[in-house]
Amino acid sequence: MIRFRILLITACLLIGFISFGQSGTVAGKIYDSNGLPLKSVSIAIPLLKISTRSNDLGKYTLKNIPYGAWEVEVKHIGFSNYRDSIMIDREFVAKDIPLDRSIFLLDEIVVTGTKTFKRKTESPVIVNILDSRTLGNLQVCNLSEGLKFQPGLRVETDCQTCNYTQLRMNGLQGGYSQILINGRPIFSPLMGLYGMEQLPVNMIEKIEVVRGGGSSLYGSSAIGGTVNVITKLPKQSGYEVNSFYQSIDGKTNDFNLSGNATLVNDKGNAGTSFFFNKRDRGFYDANGDNFSEIPKIENTSLGINSFYQFSENQKLEISLSNLNEYRFGGEMTKKPAYLTRQSEERTHKIWMGSADYQINFNQDKSAIILYTAFQNTNRKHYTGIFPDNPEEIENHLKNPPYGDSKTTTLQGGFQLNHQISNFLNRRNVLTIGSEYASDKVYDEIPSYNYLVDQHTKDWGSFFQSDWDFADKFNLLSGVRVDKHNLLDKMIVSPRVALLYKHAANTQFRLSYGTGFRAPQAFDTDLHIAFAGGGVSRVQLAPDLREERSKSLSSSVNYDKAAEKWIAGFTLEGFYTQLSNAFVLEEIGTDDFGKVFEKRNGNNAKVAGGTLELRANYNKKVQLETGFTLQQSKYENPVSYLEGVDATRSFLRTPDEYGFANFNITPDKRWTINLNYVYTGKMKIAHAGGADNFPEDQMVHTKAFSEVNSKVSHAFSISKFKNVIEVYGGVKNIFNAYQHDFDTGKNRDSNYIYGPNMPRTFFFGIKIKTP
């Protein structure tokens, strides 16, 4: 082998010498086994140190190649390396190159960590990925259910009546994390209550997660991290229809129907994808008191994503989605909401969309992106308890507590990327940009004298340097400057991240960043809960100031590969310090119930570590798991309920939690999945008033484990060019569901923890193109 390489190199040099003075061009297209073009593929002639990358249409060009035979090397993430000899004996040589998928896919292209396209192993900020195939194997219905299977993340259900959910990252609650749709922050505070459940899984191509302060490039509320939901863009023409049924504890039905269709023209420069989703779920009552623990849901969503490639260097992407949901929880009856003993009724109508235009120039070394996005939500809602006093009953019937909510989020901006090939003899990609975000929230319930009328505006500008300053080192540094209308001064948020590539399979990372949260109402502040026979509400302290953060993280990433298997781990440590941390404290009661005030408390610290393990054998057996150990504490105790001892601990924040996902694919027909979610002990403030829990208290919950399974089998029908997949399984096999819910209409609806569903059986059928 060594002799052959020596002979080949010698021959190439001789031919190159003989043909000195003559040169040609080789050009072609890079594509996968389906004939689809592959962009950002590296094509090189190592001996000549000539290289380039394919464009969005998979096309490439190598110029000024001396006549002769040269070895071409092609590398692309997730594909086997390609090597071949090519003869340059004329001015132009055409060569198309097919690439085969490799056994393992660990080095995908990611965008969220740096706002530019990078390989995972070359990103100085850790980016975790959850793709649509994994979401399908896990049999999740929406974004909320899928995020449970990411390291350092925990999704919790926070209301026994309406079941709103929030995401916790690295020990920090939902308001500390920013959810993006296609890179745009259009997840408004109101949408944050139910939006994760309203985004169906069949609209999602993949989810990218950046944990910790390294995401400060995205501005306010990105302290805990950033979740970027990337919707499905058209890749090849095809369709998929999926229908499944779930039986929740044998008591409640849950029907789901979804579909996707994609059209791409022959040139591959234009395409459109459609999705729709329909879900109907009934009430579920866990303790037989005729009040639901899982609400009734009627959900319909549809949307479209399109792209058009004007030329090789110009592209436009547009998306538009409509989400409609009816949600009703509380007394299980067909009466109007205001006649029930206790209930929450919600009708959401949501529109959201975005447009991105990108043009590359300067031989693809520079690019400018212009973008805009919007979200509009109209909500009709009822939150009430039927009173016992005759006078109060009369007032209730005359003026029931119905409310209206309207939110509008607008965002727009530009981003300029410029690559300097020789910045102190090294490559540096500079990114500058500016964006404006406006978010209007209007939420009113006249009967409770409750009103949130909030308009936040934020101008943000950012600068970033992504510099390969040595062979094995990359330094990502940058700063974001925000001018928020609720703050007198500009907020400057620097960040820096260092990547050391010890070897091709080993990376060390260290990052530091600062962030802030503006003194505004976030998703949980807009939720009205039931407690002690009344409703509890949150108000903002008149002197509320912004909350500031400093975050530090470090990690090591290692993967060991052989011919048929690969295994690896990521170990990360994180530390976040909060100044003027927001806290909720009970300040008394009024005619309607408890009132909590959002105040600036003392400082707080969150610290811990996350271990990720992964293994894959020949694409047939795959294991992914993550486990987090952490502590979240205030410097001084915080009082959550009057008469109950104060505590330094963050509520609803376990010191340990994790997941495991085990997938077996013995052949193309069978897939077997077994997954697991673990949540450790935590503290929850429990307001008294229910028949079975009359007193206020601080509850220490027990740890719980949720085990789920799925088996699927696919049949190919070659005559009709279709694949039919049938599947079934069990969620929460051992029924690790909460067993001490409050009973009756005076229950504390915030007293809920554990898995979001009891034992549930499901089966379904999917029809799709291969």
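A salt bridge, as I use the term here, is a side-chain nitrogen of Lys or Arg within 4 Å of a carboxyl oxygen of Asp or Glu.

**Ground rules.** I'm working from a predicted model, where local features need pLDDT of at least 70, side-chain atom pairs count only at pLDDT 80 or more, and totals for chains, interfaces and linings use all residues. Residues are numbered from 1 along each chain as its sequence is written, and side-chain values use heavy atoms, with hydrogens and water left out.

**Entry 1: salt bridges.** I searched the whole structure and got 45 salt bridges. Asp89 and Arg90 make one of them, at 2.9 Å from N to O. I then checked burial (buried is under 20% relative accessible area, exposed over 50%, partly exposed in between, with a 1.4 Å probe and protein chains only). Asp89 comes out partly exposed at 42%, and Arg90 is partly exposed at 43%.

Next I looked at Lys95, which pairs with Asp84, with 3.3 Å between the closest N and O atoms. Lys95 sits in the loop between strands E7 (92–94) and E8 (97–98), while Asp84 is in strand E6 (residues 82–88), eleven residues apart. I take helices (H or I, at least four residues) and strands (E, at least two) as DSSP runs, numbered from the N terminus. Is Lys95 buried or exposed? Lys95 is buried, at 17%, whereas Asp84 is partly exposed at 30%.

I also noted Glu586 with Lys594, at 3.3 Å from N to O; both residues are buried. Glu435, Asp458, Arg480 and Asp482 are linked in a salt-bridge network.

Entry 2: I looked up the second largest pocket, which has a volume of about 540 Å³. Ile385, Pro387, Glu392, Asp591 and Phe592 are the closest to its centre among 19 lining residues. Strand E23 (366–385), helix H5 (390–398) and strand E31 (534–540) each give two or more residues to the lining. H5 has the largest share, three residues.

For the terms: on a 1 Å grid over the protein atoms alone, a pocket is an open set of points where a 1.4 Å probe fits, with protein on both sides within 12 Å along at least five of seven lines, and lining residues have an atom within 4 Å of a point. The volume is the space filled by probe spheres set on the points, which are joined across faces, edges and corners.

**Entry 3: one residue.** I found Phe276 in strand E19 (residues 270–281). Phe276 is partly exposed, at 35% relative accessible area.
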